[in-house]
Amino acid sequence: MESAAGYVRDRCVTGIHGLDEILRGGIPYGSTVLAAGSCGCGKTTLGLEFLVRGAENGEACAHFTATEPSVKLLDNVRQYDFFDMRMVDKGLINVFDMDVLYSWLGLTKATFDLGDIHALIKAITDIVNTIGVTRLVIDSVTTLCYKIQSEQLIRDFLFTLGKKLSTLGCTTLLISEITSEKSGVNMWSSFGVEEAISDGIIVLGDVERMGHLLRFLQVVKMRGTSHSRAKYAVELTSIGVMLTPMLKWGSSG
Amino acid sequence: MIELDQKIAEQLSDVGLNSSMQVRCGTSNSFTVTASILNPLINVFEMGGVYISASRGANEIIEGLESLGIPTGNIQFLDMVSSGILGGTNTEHTNISYIDSPIMLESALLRTMYHFRKKLTERNFVILDSVNALAIYNEERMLAEYLHTFVNTFRQREVLSVIINVPDQTPPGVLANLDLYCTDLIDRGQIVIN
């Protein structure tokens, strides 16, 4: 977004086909962005490609996985031509199991209190700081927040984490799982607080057209940049996510 | 044996890569016209490209072209027919990929772009076969919008687009838009003898 003084915020160029054009140059550096969507719409692929494109530029990237073991994640990602296992070997892409992190921190309880949350934030930011991570994905923040009982604590957790990561210059994608029912009523997070705290919201979902599901992506909000708010059709290919404007006469389902 | 239309080859030698060509044909000569276009593109101009087949299965098209001495190795086929009729996707051709339905217009565009990003040949074409087949499944306004996007997307990327169409089976609004968007015309509409 260009101000009257001509100031343009520096961008984290995602490298994802079409997304940087939608964002008019990329995600403003240090933003915490919610990538929200129902199952099977490409959230994990989007997150992984975001990291790979950063690693290709020599950036240190980190992926915290809470929904599946890291071994399984890496097995699944090998099908993509854009992924190169040497990025992991070289330490450019660092994958962490949230379960391992919990046990390392002694967080064995079913639910987290304020002290646990602060310990978790410290562990994540320490890793980011030590490795010099500039791109981070947490997949999914929904699974993580299920362990936090109150909305207020979820709000504190996300706000503090986002603020600290931003200070460290890290651009973060928080993957959020929503049901298709919720995505139809403009709710972009499971707990309702994630969307208010995030700097940006990228929604992924399905449009039903005559019995067929077409994937779409829509940037609903992105602080610090003017951006398109249109729906874009998504194709998940071996070379990455591909986007094209969704036909206006066929985008309402 | 089909006799290819040599005048089409002459006409094609005058078009640039950023051209969008509307090809009008009839119900009985559409394959002859399509083969007459592909023959010079492949065998003379040494181009490669993407063939979007919405009128019939890609397998049948490949066999027809090969029988005429038109090699299909440099063509990626996007078959929008076979997947929907279950069982039509069992083929040995590795250059066919399938799109669930002719209503998934954006998927056809993105898959075409995918092949171009993976680098086919130095000079590329995209053939859309055909507008009238897509008109069976898609509403007129949406199809007109799609063709507008299609033509402009490939013109911008210097990919020759060839749009096959049987005019008397295409909605008038779509026809009018095709006339407006396309830069060139090959007219081999069916001749009706009374």
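## A helix and its neighbours in chain A

Helix H8 (residues 151-167) of chain A has 17 residues and reaches 24 Å from its first C-alpha to its last, close to the 24 Å expected at 1.5 Å a residue (the expected span is 1.5 Å times one less than the number of residues). Helices (H or I, at least four residues) and strands (E, at least two) are DSSP runs, numbered from the N terminus. This is a predicted model, where local features need pLDDT of at least 70 and side-chain atom pairs count only at pLDDT 80 or more, while totals for chains, interfaces and linings use all residues. Residues are numbered from 1 along each chain as its sequence is written, and chains are lettered from A and ligands numbered from 1 in the order in which they are written.

So which residues of H8(A) are buried? They are A:Ile154, A:Phe157, A:Leu158, A:Leu161, A:Gly162 and A:Leu165. Buried means 20 or more other C-beta atoms within 10 Å of a residue's own, exposed means 12 or fewer, and partly exposed is in between, with C-beta atoms placed from the backbone.

Now for strand S7 (residues 171-177) of chain A: six of its seven residues are buried, so it is largely enclosed by the rest of the structure. Here are its strand partners (strands pair if DSSP finds at least two bridges between them):

| Strand joined to S7(A) | Bridges | Direction |
|---|---|---|
| S3(A), residues 32-37 | six bridges | parallel |
| S6(A), residues 133-139 | five bridges | parallel |
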